[in-house]
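Hello,

Here is the structure we talked about. Please open it alongside this note, and the findings follow below.

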Amino acid sequence: MSVPARPRLAWVLAKAHLTRRRMQNTLTVLGIAVGVMVLIAALSLTNGFTKALIDATLQASPHLSLTSFTPSPPDAKLEAAMRADARVQSFVPFVADKGLLTRPAVQGRAAGVDFTTLFGVGPQAAQVLQLPAGESQVISNLKDGEVMLGSALARSVGAFTGDEVRLLNSGMKRTTLKVAGLFTTGNYLIDSAYAFTNVGTLQALQGTKDITGYQLRLHHPDDAPTVGNELTRTIPYSPLPWQSLYGTLLDQMALQKRVIAFVVFLIVVVAAFGIANVLTLAVFEKTQEIAILRAIGATRGLITRTFVMEGMLLGLAGLLLGNLLGLAVAAYFTVRPFQLPGDLYFITSLPVEVKVTDILWVNAVGLATTLIAALIPARRAANVEPARIIR
């Protein structure tokens, strides 16, 4: 005697089993859902933090710098190529130098001193950088002998808008600069090290009319390595995309995301193997039922499919609920961002960025873990010997 409609019978048996032990099934589903929720929320917060940190970093940094092997006059051929490239939004020639900034002691204030990286730029710098409107206006209107300091650098030197500072550059030449304004990106590493003057100021200090190279802003920052390589393929310029300049930072963010994902994923694994516990108990309780089914013609495959189907139903329910809860948590933090100390983490609030690839990855791994957890008791159920049990 054979058992008809085996696929449908496996479904009927799986549903019948799941209607019992409802409390334990519910707890199993909730365990998986909580793990998936935490994983999606953690990845979304990590994505948001990384994006916010990169945005803050790129406020005072170009997407791409093209640096001449030796300082040289502006390159008309390169400028024409940049204008013709649809990926390039804007560019500006620049002169770079390093120096020591000092502010003499005055009544009530001790002297201030700190090292800085100076960039001499033209008015187009406001289009290349992403500074707020007021700061962009200052950098666009820098006159000879004026400097714009990073906010942390200004605090270190003790010089603010309207003050005068003395500069000793890398060529051991001195000049006095007036602070025209300050800029703040939120990234302490930039705010404490960078300063801007106009091109003429640094050229006069260096005694040359040459430039160091060009700073570019692209429509898509991720294109920086490709654009840099293509523009400098036949000319003596070295490309420096922002990904290379801040490679260590990006590696740290990627490592942080992987560690968080792995640690939280362990929650999903533990919860998923709760399915194995539920199904193992079901196999133990229904050993006689399984033996009878085997005796009347049910195959090992039918029994295996029944219990795998039970596990998959529990897993899918947990994944669905976990996705909904995870997206709800992400939406909550989008409306009410988690506040951070800006002087410690560069940003004042923790934004959220939900990526479809992350959700797909979480669900794929969760589904695979659920399947593995269900196969263990399913194989045990399929190996029940009807003759021994019925006897």
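Glutamate 79 is buried, with a relative accessible area of 15%. The cut-off for buried is under 20%. Bear in mind that this is a predicted model.

Glutamate 79 has a salt-bridge partner, arginine 83, and their closest N and O atoms are 3.7 Å apart. Both residues sit in helix α3 (residues 76–84). They are four residues apart, about one turn of the helix. Arginine 83 counts as exposed, at 58% relative accessibility.

In general, side chains of opposite charge can pair when their charged atoms come close. The whole structure holds five salt bridges.

Another one runs from lysine 257 to aspartate 358, at 3.3 Å from N to O. This pair links distant parts of the chain. Lysine 257 is in helix α11, aspartate 358 is in helix α15 (residues 356–382), and 101 residues separate them. Lysine 257 is partly exposed, with a relative accessible area of 21%. Aspartate 358 is buried, at 13%.

There is also a network. Salt bridges that share partners join Asp85, Arg87 and Glu230. Within it, aspartate 85 meets arginine 87, with the closest N and O atoms 2.9 Å apart. Aspartate 85 is buried, at 14% relative accessible area. Arginine 87 counts as partly exposed, at 25%.

Next, the pocket. The largest one has about 250 Å³ of space. Which helix gives the most to its lining? The answer is α2, with six residues. Helix α2 covers 22–57, and both α2 and α11 supply at least two lining residues each. The lining consists of Thr46, Asn47, Thr50, Lys51, Ile54, Asp55, Met253, Ala254, Lys257, Glu353 and Lys355. Note Lys257 in that list. Lysine 257 is also the salt-bridge partner of aspartate 358.

A nonpolar patch of about 460 Å² is made by Leu255, Val259, Phe262, Val263 and Leu266. Valine 263 is placed in α11, which spans residues 247–285. Valine 263 counts as partly exposed, at 49% relative accessibility.

Now the aromatics. The structure holds seven aromatic pairs. In one of them, the rings of tyrosine 332 and phenylalanine 333 have their centres 5.5 Å apart. Their planes stand at 70°, so the pair is edge-to-face. The cut-off for that class is over 60 degrees. Tyrosine 332 is partly exposed, with a relative accessible area of 45%. Elsewhere on this topic, Phe94, Phe119, Phe183, Tyr194 and Phe196 form one aromatic cluster.

Last, a backbone detail. Methionine 172 has a phi near 65°, a positive value in a residue other than glycine. Where does methionine 172 lie? It is in the loop between β5 (164–169) and β6 (174–183). Is the residue buried or exposed? Methionine 172 is exposed, with a relative accessible area of 62%.

Best wishes

Methods:
Residues numbered from 1 in each chain as written. Predicted model: local features only at pLDDT ≥ 70, side-chain atom pairs only at ≥ 80, totals over all residues. Heavy atoms only, no water. Phe/Tyr/Trp six-rings, centres within 6.5 Å; stacked < 30°, edge-to-face > 60°. Buried < 20%, exposed > 50% of the residue type's maximum accessible area, 1.4 Å probe, protein only. Patch = residues over 30% accessible without salt bridge, like charges linked within 9 Å, V, L, I, M, F, W, Y side chains within 5 Å. Areas by Shrake-Rupley, 256 points an atom, 1.4 Å probe, with all protein chains shown as cover. Salt bridge = Lys/Arg side-chain N within 4 Å of Asp/Glu carboxyl O. 1 Å grid on protein atoms, 1.4 Å probe; cavity = no way out; pocket = protein on both sides within 12 Å on 5 of 7 lines; lining within 4 Å. Points joined across faces, edges and corners; volume = space filled by probe spheres on them.
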